[in-house]
Amino acid sequence: MSKITLDLTRNIGAIRPLHGVNNAPLGYGSLVDVSHRFVELGVPCCRLHDPNWPHPREVDIPQIFPNFDADPANPASYNFGPTDYYLKTILDTGASIVYRLGTSIEHTPRKYHTFPPKDFAKWAEVCVHVIRHYNEGWADGFHYNIRHWEIWNEPDVRPQMWDDTFDRYLDLYRVAATLIKKQVPDVKIGGYAAAGVGNNLNRQFLDMCRIERLPLDLFTWHRYAAHPDQMAASASTVSALLDEYGFGDIESHCNEWNLFSFGWNHLFKPGNEFYRKEAFERQKNEEGASFAAATLIVLQDQRLDMANYYDGQPQALFCGLFDYYGAPTKTFYAFKAFRALLDYPERVPVTEMEHATGLY
């Protein structure tokens with residue numbers, strides 16, 4: 001028998017709403033809409049990457065500004081319509097937005113948008129106009145006051161997300177972060193949506209930002225793990241790294257996370273369809289649910305400003321909250337249980353856990 005002892009006389013802080021997700025409550029070209037489920041979960045924040053995957057029509061810079069040779073100062077150069085609708089569906093649920101400036105992942109042999117922009121300064125100018133459209137009403141836009149803007153996603157995943165060297169990404173960040181912060185100084189700028197937290201590229205990025213005093217309001221990173229303790233360890237690693245480079249006061253966002261213990265290189269090989277099915281079904285079943293619940297618990301003790309589960313849009317693969325049809329899964333109900341805790345946010349300490357291995 002397990003023994004758990006609580007100290008109800010002490011308040012050790014508030015439970016933080018770290019149950020954000022990626023993307024809008026839409027899937028399959030907006031055919032499936034689970035907005036009512038986002039409201040049910042009280043999703044606090046939606047980070048935008050791979051929207052309406054695998055064929056995005058929204059959010060990505062190439063979708064909004066399709067002709068890079070066009071005039072970035074001319075509203076006619078932009079196609080805001082699909083993204084206007086996409087963002088409205090998020091905001092209507094009460095969630096805030098972290099907007100990734102860049103493009104979605106490409107697994108095709110030929111890359112169409114993951115190569116570096118041919119003119120970094122012009123690309124940054126386009127980004128400024130996107131921000132002004134959604135925050136300042138430019139080009140018949142809105143005043144959404146979207147605070148967090150991320151420059152690109154996972155440039156350490158090459159060539160699927162960045163078809164060039166990491167040094168070239170550093171050049172892009174240098175130009176874009178500087179111009180965006182100069183033109184719209186009230187927003188928070190960051191990156192680089194690191195796929196790994198233990199590699200030397202993080203140090204290169206932070207060292208550049210420190211030495212050149214570049215804008216960096218949030219450091220974003222990802223973790224797909226087999227155990228919730230690995231999630232906590234990664235958050236601790238990032239916190240120590242930010243302190244080491246003098247960025248202890250900026251925001252830390254784990255804006256992609258999920259259960260994953262399978263070999264990525266084997267998942268999509270011909271003949272491995274049952275291996276693949278098992279990997280993604282585990283994110284939706286009782287294992288994925290218990291992993292999500294435990295992760296939301298252990299992250300409470302870490303220095304972390306925001307977390308976004310990947311993915312919230314109803315689709316067949318990485319979305320663990322809904323099945324192919326938009327029906328809620330066991331993992332959805334783990335998120336719903338966590339949401340219920342927020343109605344009673346005062347935390348009390350567990351002073352003893354005997355014979356309770358694996359219990360969170």
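Author: A salt bridge joins Asp69 and Lys118, with 2.9 Å between the closest N and O atoms. The two residues come from distant parts of the chain, 49 residues apart. Asp69 sits in the loop between helix 2 (61–64) and helix 3 (81–91), and Lys118 in the loop between strand 6 (96–101) and helix 4 (120–135). Both Asp69 and Lys118 are exposed. The model is predicted.

Reader: What makes the pair Asp164 and Arg168 a salt bridge?
Author: The closest N and O atoms of Asp164 and Arg168 are 3.7 Å apart. The rule asks for a side-chain nitrogen of Lys or Arg within 4 Å of a carboxyl oxygen of Asp or Glu, so the pair qualifies.

Reader: Why is Asp164 called partly exposed?
Author: Its relative accessible area is 29%. Buried means under 20% and exposed means over 50%, so Asp164 falls in between. Arg168, at 33% relative accessibility, is partly exposed by that rule too.

Reader: How do you know that Arg174 and Glu212 form a salt bridge?
Author: The N to O distance between their side chains is 2.7 Å, and the limit is 4 Å, so the label applies.

Reader: Why is the pair Arg174 and Glu212 said to tie together parts of the chain?
Author: Arg174 lies in helix 5 (residues 166–183) and Glu212 in helix 6 (residues 200–212), so the link spans parts 38 residues apart in sequence. As for cover, Arg174 has a relative accessible area of 27% and is partly exposed. Glu212 is partly exposed as well, with 35%.

Reader: How many salt bridges does the rule give?
Author: The count is 21. For the charges themselves, the protein chain has 34 positive and 45 negative side chains. The centres of the two sets lie 1 Å apart.

Reader: Why is Thr83 called buried?
Author: Thr83 has a relative accessible area of 0%, and the cut-off for buried is under 20%, so the label holds. Thr83 is part of helix 3. Leaving aside residues up to four places away in sequence, Thr83 touches Glu58, Val59, Ile64, Tyr99 and Tyr134.

Reader: What makes the phi of Asn52 worth a remark?
Author: Phi of Asn52 is near 50°, a positive value in a residue other than glycine. Most residues other than glycine have a negative phi. Asn52 is located in the loop between strand 5 (45–48) and helix 2.

Reader: Is Asn52 buried or exposed?
Author: With a relative accessible area of 4%, Asn52 is buried, because the value is under 20%.

Reader: What is the phi of Asn145, and where is the residue?
Author: Phi of Asn145 is near 55°, again positive in a residue other than glycine. Asn145 belongs to the loop between helix 4 and strand 7.

Reader: Which omega goes with the cis peptide bond from Arg158 to Pro159?
Author: Omega for that bond is near 5°. Pro159 lies in the loop between strand 7 (148–151) and helix 5. A cis peptide bond also joins Tyr310 and Asp311, with omega about 25°. Asp311 is in the loop between strand 11 (306–309) and helix 11 (330–341). Most peptide bonds are trans.

Reader: How do you know that the radius of gyration agrees with a compact globule?
Author: For 360 residues, a compact globule would have a radius near 21 Å; the protein chain has 20 Å, which agrees. Along the principal axes, the C-alpha atoms fill a box of roughly 70 × 45 × 40 Å.

Reader: What else describes the protein chain as a whole?
Author: Its secondary structure comes to 11 helices and 12 strands. Of its 360 residues, 51% count as buried. Among contacts with a separation of 6 or more, 76% are between residues 24 or more positions apart. The accessible surface is about 15700 Å², with 53% belonging to carbon and sulfur atoms.

Terms used:
Residues numbered from 1 in each chain as written. Predicted model: local features only at pLDDT ≥ 70, side-chain atom pairs only at ≥ 80, totals over all residues. Heavy atoms only, no water. Helix = DSSP H or I, 4+ residues; strand = E, 2+ residues; numbered from the N terminus. Rg over C-alpha atoms; globule rule 2.2 N^0.38 Å. Buried < 20%, exposed > 50% of the residue type's maximum accessible area, 1.4 Å probe, protein only. Contact = heavy atoms within 4.5 Å. Areas by Shrake-Rupley, 256 points an atom, 1.4 Å probe, with all protein chains shown as cover. Lys, Arg positive; Asp, Glu negative; His and termini not counted. Charge placed at Lys NZ, Arg CZ, Asp CG, Glu CD.
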